[in-house]
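Here is a short briefing to read alongside the sequence and the 3D view. Keep both open as you go through the points below.

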Amino acid sequence: SEDGVDPASALLAEALPALSGATADLGAGWGLLSARILESEQVASLDVVEAEHAALACAQASLDDPRARFHWADVRAMTLPRASHDTVVANPPFHDGREVSVALGEAFLEAGARLLKPSGRLWVVANRTLPYERVLERAFVEWSEVGGDQTYKILCAHRPRPPAARSRAKR
């Protein structure tokens, strides 16, 4: 966030287990979660995805690790390969400009499902008031709330449904 460490990201950073394999940080900001992810030597690669160029530049400056690849992209239009990641981590924004946009956060969850391998896992932190559970139900075979506090919830989803099953569930 603009004035310090985002409390939701800090909460998720504390809750993350040591990750491994191909990983992505969607909406990475200046790289707080990315730095936590890269603490694990078992992480083979990390795709750092951020739509705000200034934030991505900060992430590039602070993450001096050859496993990190930086993508200046909006998750709604990114071109990373489908089913290519073992883990996706996100603290989705819920504002598009000044407007509250639950759809933007939902797009992060759907992008995570697209990126994950069949055995992949999505880790997300969100305000308790945001109704992301319905997207997780549609996009994943299993999901649960695994932590949080009075303000935020940490959700973990795994086993993304095949794309055809997700589109049928939208109807």
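With which side chain does the side chain of Ser45 make a polar contact? The partner is the side chain of Arg69, at 3.5 Å. Please bear in mind that this is a predicted model.

**Around Ser45**

- Ser45 belongs to strand 2, which spans residues 43-50.
- Ser45 counts as buried because its relative accessibility is 11%, under the 20% cut-off.
- Beyond its neighbours within four places in sequence, Ser45 touches Gly21, Ala22, Thr23, Arg67 and Arg69.

**Salt bridges**

- The count of salt bridges comes to 10, and three of them are described here.
- Arg69 also pairs with Asp47 in a salt bridge, with 2.9 Å between the closest N and O atoms. This pair links distant parts of the chain, since Arg69 sits in strand 3 (residues 68-72) and Asp47 in strand 2, 22 residues apart.
- Asp86 and Lys117 form a salt bridge through their side chains, at 3.3 Å from N to O. Here too distant parts of the chain are linked, with Asp86 in strand 4 and Lys117 in strand 7, 31 residues apart.
- Asp86 is partly exposed at 24% relative accessibility, and Lys117 is partly exposed as well, with a relative accessible area of 29%.
- Arg36 and Glu39 meet in a salt bridge at 3.8 Å, N to O. Glu39 is exposed because its relative accessible area is 57%, over the 50% cut-off.

**Strand 4 and its partners**

- Strand 4 covers residues 85-90 and is mostly covered, with five of its six residues buried.
- Strand 1 (residues 21-26) pairs with strand 4 in the parallel sense, over four bridges. In this pairing, Ala24 has Val88 of strand 4 as its bridge partner.
- Strand 7 (residues 116-127) also runs parallel to strand 4, and five bridges join the two. Thr87 stands opposite Arg121 of strand 7.

**Helix 3**

- Ala57 is found in helix 3, which runs over residues 53-62.
- The C-alpha atoms of Ala57 and Gly29 are separated by 9.3 Å, and the two residues are 28 residues apart along the chain.

Conventions:
Residues numbered from 1 in each chain as written. Predicted model: local features only at pLDDT ≥ 70, side-chain atom pairs only at ≥ 80, totals over all residues. Heavy atoms only, no water. Buried < 20%, exposed > 50% of the residue type's maximum accessible area, 1.4 Å probe, protein only. Pairing = 2+ DSSP bridges. Polar contact = N/O pair within 3.5 Å; in protein donor to acceptor, adjacent residues only side chain to side chain. Contact = heavy atoms within 4.5 Å. Salt bridge = Lys/Arg side-chain N within 4 Å of Asp/Glu carboxyl O.
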